Amino acid sequence: MRTPRGTSEITLGGAGLAGSLLAIFLARRGYRVTLLERRLDPRKTAEPVSAGRSINLALANRGIAALEEVGVMETLRSALIPMAGRMLHDEEGRLKLVPYGNKPHEVIYSVSRAGLNTLLVNAAESTGGVSIRFGCTVHGVDFANRKVRFLTGEDPESQTTRYDVLIGTDGSASAVRAAILERTGGRLDEEPLGHSYKELTIPPATGGKFRMEKNALHIWPRGEYMLIALPNADGSFTATLFLPNQGEESFQALTTRNAVRALFERRFADAIPLMPRYVEDFFANPTGHLETIRCAPWSFEDHALVLGDAAHAIVPFHGQGMNAAFEDCSAFDQCLEVPDRPWNEVFAEFERRRRPNTDAIADMALENYIEMRSTVREPKFQLKKDLSFRLEERHPGRFIPRYSMVMFHTIPYAEAERRGAIQEEILDELTSKAASLDQVDLARADRLIAERLGTQASEAETRS
Ligand SMILES: Cc1cc2nc3c(=O)[nH]c(=O)nc-3n(C[C@H](O)[C@H](O)[C@H](O)COP(=O)(O)OP(=O)(O)OC[C@H]3O[C@@H](n4cnc5c(N)ncnc54)[C@H](O)[C@@H]3O)c2cc1C
């Protein structure tokens, strides 16, 4: 049985966000890493890294912690745009900023997917231990002979390359995952959301100025659906329209320019002047599909593992898919600390640590869609948010709003979900008869917290 110490080469399928970061972690441990990436080298072609994916992403604490471990945060920092809260746009065009956190440093950051991917690819190559073969699409694995099958653009014939250890970081439609599940008779669980998304552009104003508040994630919550917008470094925003696939107000119904215009005039009137080409964008840009993917097992013997979206793709509403994938890379690196542990045990340990947590963030991401598109509009939501900040001040380290546990801490996701459910009950009980913060019985709050949240949440603050 091979062990990490007895292996010098690792092959990764996919040089996206997880693959390029994992390559850096592995090179730091002395492995030679080969990445097989379907796309052409983004540094040499016009093909955008984000084609068919979001143009920008929200980066939060977990992702930052992993990037700091490999020393790339300092280079990245100047490219980040802090977002301090949600800027809600109601149907009358009124604005309201709802802060994400309770402390000045509790912000999330908008980052360009292409920029971050290129930075990671450059950092991986500069380790001297990583080589990237662009234009190679993995389409199968010959486990008996430890070979990966792949196609290159020019050649219709399938090629193979030998691997010692293979890790699939090839995203939500992973070919490595398909091979592992076929070989093991494993289980693939694909849960479509029933809603899809479309990206639209809010260009910069004259002089490269932002047309709206730059340091916020803008949301137009409309109950069943929503529009959001994240800032880009060039003064533009990338807006994303999330809509049901079917129904009266849905992608299925928006087949003509008039139908698109009518929906925007009815529900997003204040966004129209910001988006001079929204109708053209709507028909030019692809409609992105959204689903939650769970699979088991994540590995096959001492051969292969999947990590990142390839193992657990989630819906984007908590802004955590990339953050979770980066946390995976750091957790996998920790699993390599025992050098004589056989690979199959490394893989099993990784899955044991990560699965409960990635299952938890998958659930919380689904719940957050309802919060973003609907609950944020309710007065009760604001009251609970204000109360949870007050309780965090009264019980630091013990009562931490769930959103903050996920975004601003490294408390394992499963622990954040568990504590979050207890806190939600406490908030419900305290606000059932209160219309404002001064009507809440804080002495009762203190008792409930002592009874039900005995331990410090921050004690769990180790990466999992
Ligand atoms: C609309 C949207 C918004 C999002 N917003 C956020 C956000 O704000 N914050 C956040 O944390 N996450 C967000 N996510 C999730 C995030 O994009 C993913 O979780 C993240 O990209 C996962 O990284 P990955 O490397 O596992 O997969 P990917 O980034 O998909 O990378 C996979 C790589 O493998 C390559 N590849 C695919 N198939 C093959 C093959 N057969 N052979 C070789 N190479 C292959 C691809 O070209 C790609 O380079 C969002 C997702 C979407 C769809």
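Select Leu227 and Leu241: Leu227 stands opposite Leu241 in strand E16. The model is predicted; local features need pLDDT of at least 70, side-chain atom pairs count only at pLDDT 80 or more, and totals for chains, interfaces and linings use all residues. Residues are numbered from 1 along each chain as its sequence is written, and side-chain values use heavy atoms, with hydrogens and water left out.

Next, show E15 and E16 (residues 237-244), which pair in the antiparallel sense over 6 bridges. Pairing requires that DSSP finds at least two bridges between two strands; strands (E, at least two residues) are DSSP runs numbered from the N terminus. E15 and E16 form a hairpin with 5 residues between them, and Gly235 in the turn has a positive phi of about 95 degrees.

Buried means under 20% relative accessible area (1.4 Å probe, protein chains only). Met226, Ile228 and Leu230 point one way, while Leu227, Ala229 and Pro231 point the other way.

Finally, move to the open sheet of 3 strands, ordered E9-E10-E11 with antiparallel pairing. Its edge strands, E9 (136-142) and E11 (155-162), each pair on one side only. Between E9 and E10 (residues 147-152) there are 6 bridges; Val141 stands opposite Val148 in E10.

Definitions and conventions: Helix = DSSP H or I, 4+ residues; strand = E, 2+ residues; numbered from the N terminus. Buried < 20%, exposed > 50% of the residue type's maximum accessible area, 1.4 Å probe, protein only.
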